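Subject: Structure for you to look at

Hello,

Here is the structure I said I would pass on. Please open it and keep it beside this email while you read.

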Amino acid sequence: MLYGRHQQRVRSLLFHHCGDAHLDDLVQEVFLRAWKGLPRFRRTAQFSTWLYRIAWNVAQDQRRRYAQQRIQLQTLGRMALSRVEDSQQDSQGVLTLHYQSLCRQALETLKPDQRIVLLLHDLEDWPQAQIAEVLRIPVGTVKSRLFYARAAVRKVLQDSGVTL
Amino acid sequence: MNPIQPQDPNPSPDYPDPIRRFLQAYGSSAPDPIPALEDRILLAIQSQSRLQAPRPQLKLWIPVVAAVFVAALGGEILRRQPALSAAEVQELELFMDETWAAVLTDQDTSWMSFL
């Protein structure tokens, strides 16, 4: 039941921070760590926030492993997006594919801490307060990173001739 | 298009932003999990539970069980020893009397041979 309720957000967080390689394994790791840590769970925080913090820790650990293995996350993201593009090529126009590619390029220019805030808030509709709790940063920092991330994405799009 | 204000000390991006709409239209989402992922997670949790199950302290209760067994067996053996009949008791007393009488008095003990 807890898996059904929370797995989508856990999965999104892991995906946006680590790409889609080993995504199922990472989701499993999150819920396994949550089960092991249940005796230490204090009810001062919401269970969802506690669980997403575990997901964030797992994501950070995976990024460190990638860094040690010198795997480019951009490459992983490119692979994930190209799979989406290939599957949608028959049903959507070239323009959509172009915008999807621009979106990916714009996100790749962001620092990881700005990118994750932008994606969790704008793409996954996480409240700012929850992002702040999960990433253990002030709400003001969430707002600031969001602001500058949007500005950076907007600039890339403008430079590519896209007007929003 | 909304103007960019990098000098704004208190950025407040709570209003609907075109970037948000663009991302939701063209951003990629996480792929769906494999159908059996939930079962796989449950199996992993169950195997962890078995590994962490407390094992009984064998080295503590084995000697206790052994002591109880020996005590019960000894008691059973003593209980089952048959009591002597009156005739057996009389025969035993006669034997004891004849044997020790030779020790205590100067009777002929030639029948007694010692190796």
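Predicted model: local features only at pLDDT ≥ 70, side-chain atom pairs only at ≥ 80, totals over all residues.

**The nonpolar core**

The largest nonpolar core has 57 residues. The members that touch the most other members are Val10(A), Leu13(A), Leu14(A), Val30(A), Leu51(A), Leu118(A) and Leu135(A). Helix 3 of chain A, which covers residues 47-69, gives the most to this core, with 10 residues.

Leaving aside neighbours within four places in sequence, Val30(A) is in contact with Val10(A), Leu14(A), Leu51(A), Ile54(A), Ala55(A) and Val58(A).

**Helix 6 of chain A**

Helix 6 of chain A runs over residues 112-123, which makes 12 residues. From the first C-alpha to the last, helix 6 reaches 15 Å, close to the 16 Å expected at 1.5 Å a residue.

Is helix 6 of chain A mostly covered or mostly uncovered? It is mostly covered, with 10 of its 12 residues buried. The buried residues are Gln114(A), Arg115(A), Ile116(A), Val117(A), Leu118(A), Leu119(A), Leu120(A), His121(A), Asp122(A) and Leu123(A). Among these, Leu118(A) was already named as one of the core members that touch the most others.

The cover over the buried residues of helix 6 includes parts of both chains. From chain A it includes helix 1 (2-18), helix 3, helix 5 (94-108), helix 7 (128-135) and helix 8 (139-159). From chain B it includes helix 1 (18-26).

**Salt bridges**

Side chains of opposite charge can pair when their charged atoms come close. Over all chains, the structure holds 13 salt bridges. Three of them are described here.

Asp24(A) forms a salt bridge with Arg11(A), and the closest N and O atoms are 2.7 Å apart. This pair links distant parts of the chain: Asp24(A) is in helix 2 (residues 23-37) of chain A and Arg11(A) is in helix 1 of chain A, 13 residues apart. Both Asp24(A) and Arg11(A) are buried.

Another salt bridge is formed by the side chains of Arg20(B) and Asp122(A), at 4.0 Å from N to O. This pair joins two chains, because Arg20(B) lies in helix 1 of chain B and Asp122(A) in helix 6 of chain A. Asp122(A) is buried, with a relative accessible area of 0%. Why does Arg20(B) count as partly exposed? Its relative accessibility is 21%, and buried means under 20%.

The side chains of Asp17(B) and Arg154(A) also meet in a salt bridge, at 3.2 Å from N to O. This pair joins two chains as well, because Asp17(B) lies in the segment before helix 1 of chain B and Arg154(A) lies in helix 8 of chain A. Asp17(B) counts as buried at 1% relative accessibility, and Arg154(A) counts as buried at 7%. Salt bridges that share partners join Asp122(A), Asp125(A), Arg150(A), Arg154(A), Asp17(B) and Arg20(B) into one network.

**Positive phi angles**

Most residues other than glycine have a negative phi.

- His22(A) has a positive phi near 60°. His22(A) is in the loop between helix 1 and helix 2 of chain A, and is partly exposed, with a relative accessible area of 47%.
- Arg136(A) has a positive phi near 60°. Arg136(A) is in the loop between helix 7 and helix 8 of chain A, and counts as exposed at 55% relative accessibility.

**Chain B**

How many helices and strands are there in chain B? There are 4 helices and 0 strands, and along the sequence the pattern is α-α-α-α. Chain B has 115 residues, and buried residues make up 12% of them.

Leu84(B), Val89(B), Leu92(B), Phe95(B) and Met96(B) make a nonpolar surface patch of about 470 Å². Of these, Phe95(B) is found in helix 4 (residues 86-104) of chain B. Phe95(B) is exposed, with a relative accessible area of 51%.

Regards

Key. Residues numbered from 1 in each chain as written. Chains lettered and ligands numbered in written order. Heavy atoms only, no water. Core = buried A, V, L, I, M, F, W, Y, C linked by side-chain atoms within 4.5 Å. Buried < 20%, exposed > 50% of the residue type's maximum accessible area, 1.4 Å probe, protein only. Contact = heavy atoms within 4.5 Å. Expected span 1.5 Å × (residues − 1). Patch = residues over 30% accessible without salt bridge, like charges linked within 9 Å, V, L, I, M, F, W, Y side chains within 5 Å. Areas by Shrake-Rupley, 256 points an atom, 1.4 Å probe, with all protein chains shown as cover.
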